[in-house]
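Subject: Structure handover

Hello,

Here is the structure we spoke about, with notes on what was found in it. Please look through it and read the notes alongside.

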Amino acid sequence: MLTGAFDQEIYSIVFGGRLIALSKKDGGIRPICVGYTLRRLAAKCANSHVISRRSKALQPQQLGVGVSDGAEAAVHAARMLVSTLPSGHVVVKLDFSNAFNYFRRDLILDSVAANIPEIYRLVYSTYSCEPVLSFKAHEVLSSDGEQQGDPQGSLEFCEEIHPLLLKLRSAAKIGFMDDITLSGDLHTVKKDVLTMIESCSETGLRLNTDKCEIIMKDFTEIDKLSTFKDFIHVTKEDMTLLGSPVVKAKHRMKPLRTRLMTLPEQSHAQHIFRPMMLW
């Protein structure tokens, strides 16, 4: 598999997988793909060979691959940013629509060939076919974006978006795969957001401005800027990152309370967490 020596007919099966449909909070459907076992094993072997070297090359802009406690590091960095945010400076959280499914596959191959050529044959095999994804009695073909069910997907995504992150001029750039947080003076961050929007035609990414967030002390400063007109205004006290509260202690129990309310009435988790809630 690492040398790309299988027939094309076998690839459509080996690189395929089974789909699971999960419900989103907004009523939509989130398809999750469970990849073929032998393919996942080969991909993990390839990852282990390159992940340490490439993780160092992607830092400090990208904390999403090969970084121990990378999510925690991102949250702590965001806490430092908003706690010392000067007047006229902002923090923005960018949201992409179904990012992994829209990235251009030719760019994935280009970035792998340039940066991690030792696993190129495996990656090329992955994108040289349209694998079968099965859901009960139904079958669909994987033909766009990152390959569903691929353990290498996170690394490939980070490799492809990294040149774009390097172009940005914000004072702080925190990437955790497709979760991008920028901070700096208002006009520099504005230019970076426009750069991200303009890059959509090149990368295939689509910025979902209705779900993007902006954090600052005085929101009147952005009233005349069309770039941020659809961004959600969030105070630093209410800011979260990767599901974690960033600043005030009283807000740090909110995600737990929200999760607790979705659990069955007599669940074991309630018996564990309710005393903590009261405390």
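By class, the lining of the second largest pocket has six charged, four polar and three nonpolar residues. Here Ala, Val, Leu, Ile, Met, Phe, Trp, Tyr, Cys and Pro count as nonpolar, Asp, Glu, Lys and Arg as charged, and the others, Gly among them, as polar. A pocket is found on a 1 Å grid over the protein atoms alone, as an open set of points where a 1.4 Å probe fits, with protein on both sides within 12 Å along at least five of seven lines; lining residues have an atom within 4 Å of a point.

The model is predicted: local features need pLDDT of at least 70 and side-chain atom pairs count only at pLDDT 80 or more, while totals for chains, interfaces and linings use all residues. Residues are numbered from 1 along each chain as its sequence is written, and side-chain values use heavy atoms, with hydrogens and water left out.

The pocket

The second largest pocket holds about 260 Å³ of space, the volume being that filled by probe spheres set on the grid points, which are joined across faces, edges and corners. Its lining comprises 13 residues, and those closest to the centre are L107, E160, P163, E202 and T203. Helix 6 gives the largest share of this lining, five residues. At least two residues each come from helix 4 (105-115), helix 6, helix 7 (186-198) and helix 8 (200-203).

The chain overall

The protein chain has ten helices and eleven strands. Helices (H or I, at least four residues) and strands (E, at least two) are DSSP runs, numbered from the N terminus. Of its 279 residues, 43% count as buried, where buried means under 20% relative accessible area, exposed over 50%, and partly exposed in between (1.4 Å probe, protein chains only). Among contacts (heavy atoms within 4.5 Å) between residues at least 6 apart in sequence, 64% join residues at least 24 apart.

Four strands make an open sheet of mixed pairing, in the order 2-1-4-5. Strand 2 (29-35) and strand 5 are at the edges with a single partner strand each, so one side of each has no neighbour in the sheet. On average, neighbouring strands here are turned by 35° against each other, direction ignored. Axes are lines fitted to C-alpha atoms, for helices over the stretch in contact, and angles run from 0 to 180 degrees between N-to-C directions.

Two strands pair if DSSP finds at least two bridges between them. Strand 1 (residues 17-23) pairs with strand 4 in the parallel sense over two bridges; G17 stands opposite L133, and R18 has S134 as its bridge partner. Strand 4 (residues 132-135) also pairs with strand 5 (residues 138-141), in the antiparallel sense over four bridges. Here V132 is bridged to L141, and S134 stands opposite E139. These two strands form a hairpin with two residues between them, and K136 in the turn has a positive phi of about 55°.

S143 lies in the loop between strand 5 and helix 6 (153-167). This residue is partly exposed, at a relative accessible area of 33%. Leaving out residues up to four places away in sequence, S143 touches R105 and E130. Its C-alpha atom is 7.8 Å from that of P131, twelve residues apart along the chain.

Strand 3 (residues 89-94) and strand 7 (residues 179-185) pair in the antiparallel sense over six bridges, with V90 opposite G184.

Backbone points to check

Q59 and P60 are joined by a cis peptide bond, with omega about 5°. P60 is in the loop between helix 2 (37-58) and helix 3. D69 is found in the loop between helix 2 and helix 3, and its phi is near 60°, a positive value in a residue other than glycine. L242 also has a positive phi, near 55°; it is in the loop between strand 10 (240-241) and strand 11 (244-245) and is partly exposed, with a relative accessible area of 31%.

Regards
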